[in-house]
Amino acid sequence: MIKFLDLHKINARFDVQLKKEFQQFVDSGYYVLGDGTTVFENNFANYCKTKHCIGVSNGLDALILIFKAYLQLGKLKIGDEVLVPANTYIASIISILEVGLKPIFIEPNLDTFNWEASTIKNHITNKTKAILTVHLYGQLADSEAILKLAQNNKLLLIEDAAQAHGAENEFGKRAGNLSHAAAFSFYPSKNLGALGEAGAITTNDSELAEVILELRNYGSALKYQNVRLGVNNRIDEIQARFLNIKLDYLNVDNERRREIAKQYLSLIKNEKIKLPFYNGSKNHNFHLFVILVENRSKFMEFLLDKGIQTSIHYPKPPHKQKALQVFSKLQLPVTEFIHKNCVSLPINPVLSQEQVLKVITAINTY
């Protein structure tokens, strides 16, 4: 069986380093916001080429903390509108609603699954105060054009970079450094995945970073000096240490994902399958390789019979979820078409060449 994602095999590559790091962690006697956190924050900031990185508890909390910080700085206020792709994962929408802002859903491009600056522009009103751009499946949205649009309209631009670790645009700028602030998730299945929950925020705004540092730690930068009503959204020290090990391998792993994607794109020849757009650059880290196929249950069962697991990201769009039923009457046909027909193929750095060819052969016989 070709697993959709074999986390055990992925992490087994780091077995010796992880166990050594764990023992050092235990022996240190310092288990919260220790040296491991500081080292990872510095290394990930350097990797993204940003001034600041703040380790936090997970990707959703990263987004919420960014919005909370902007509210406290007076750059946003309750009720302000935030433009967001309609086909994102529900966490993007939750983060907006959680702090009292209003999401405005915008349709994506069917080929890239991302939105475009020209479409975003048509939805900007005097109530619009921020743009939450999402690099869905690991492919950068139209980063430079969206940043220019935000600057021209004096809007905050925030990246949901939960799936885009290491993706970079034509100017060599990486996800996390394409906006005013960016949120990352290090959920175990991500390209840079922890062995539990973890997240981070990157920014070049020192004032924003200071507020977020306080908010994540009970509103305190100095012990027992609470200057804000904060929360406990600190990154787990052991996860920071694990991530620091795996960060060294991120570029190589991303390149392997791109190699597999290029084979899928060049060798899958089946009129029933709509392949994603990819320009061959580093702007996609292929966290996921998503195709469109009608009657996907039949297609997935066919591949399973061939010994190939697939997955769905995501079976139901946010505005059709029960939790967001207030938005259920929105007319978003492109988003709904994607969620009805999308299927994710196996793609990860431990897939063998034999397995890749098996997936391609099976799809071509469907």
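In which helix is valine 26 found? I found valine 26 in helix α2, residues 15-28. Helices here are DSSP runs of H or I with at least four residues, strands are runs of E with at least two, and both are numbered from the N terminus.

**Ground rules.** I am working on a predicted model, where local features need pLDDT of at least 70 and side-chain atom pairs count only at pLDDT 80 or more, while totals for chains, interfaces and linings use all residues. Residues are numbered from 1 along each chain as its sequence is written, and side-chain values use heavy atoms, with hydrogens and water left out.

**Patch.** I looked up the surroundings of valine 26. Phe22, Val26, Tyr31 and Val32 make a nonpolar surface patch of about 330 Å². Patch residues have over 30% relative accessible area and no salt bridge; nonpolar side chains (Val, Leu, Ile, Met, Phe, Trp, Tyr) are joined within 5 Å, like charges within 9 Å. Areas come from the Shrake-Rupley method with a 1.4 Å probe, and for residues only the protein chains shown count as cover. Valine 26 is partly exposed at 33% relative accessible area. Buried means under 20%, exposed over 50%, and partly exposed in between.

**Sheet.** I traced an open sheet of 7 strands in the order β1-β7-β6-β5-β4-β2-β3, with mixed pairing. β1 (52-56) and β3 (102-106) are the edge strands, each pairing on one side only. The twist averages 20° from one strand to the next. Two strands pair if DSSP finds at least two bridges between them.

I then checked β7. β7 pairs antiparallel with β1 over 5 bridges, and 5 bridges also join β7 to β6, again antiparallel. Glycine 199 of β7 is the bridge partner of valine 56 and stands opposite serine 185. Which way do the residues of β7 point? Gly199, Ile201 and Thr203 point one way, Ala200 and Thr202 the other, and all are buried. With 5 of its 5 residues buried, β7 is largely enclosed by the rest of the structure.

β2 (81-85) and β4 (128-134) run parallel, joined by 3 bridges. Leucine 83 faces isoleucine 131 in β4.

Helix α4 (59-72) lies across β1, β2, β4, β5, β6 and β7, running at about 160° to β6. Contact is heavy atoms within 4.5 Å. Axes are lines fitted to C-alpha atoms, for helices over the stretch in contact, with angles from 0 to 180 degrees between N-to-C directions.

**Backbone.** Most residues other than glycine have a negative phi, and most peptide bonds are trans. I noted exceptions. The bond from histidine 313 to tyrosine 314 is cis, with omega near 15°. Leucine 33 has phi near 50°, and lysine 49 has phi of about 65°. Leucine 33 is partly exposed at 26%, whereas lysine 49 is exposed at 52%.

**Salt bridges.** I read off 14 salt bridges. The criterion is a side-chain nitrogen of Lys or Arg within 4 Å of a carboxyl oxygen of Asp or Glu. Aspartate 15 and lysine 19 form one at 3.3 Å; both lie in helix α2, 4 residues apart. Aspartate 205 meets lysine 75 at 3.7 Å, N to O. Aspartate 205 lies in the loop between β7 and α8 and lysine 75 in the loop between α4 and β2, so this pair ties together parts 130 residues apart in sequence. Glu21, Glu237 and Arg241 are linked in a network of salt bridges.

Conventions: Buried < 20%, exposed > 50% of the residue type's maximum accessible area, 1.4 Å probe, protein only.
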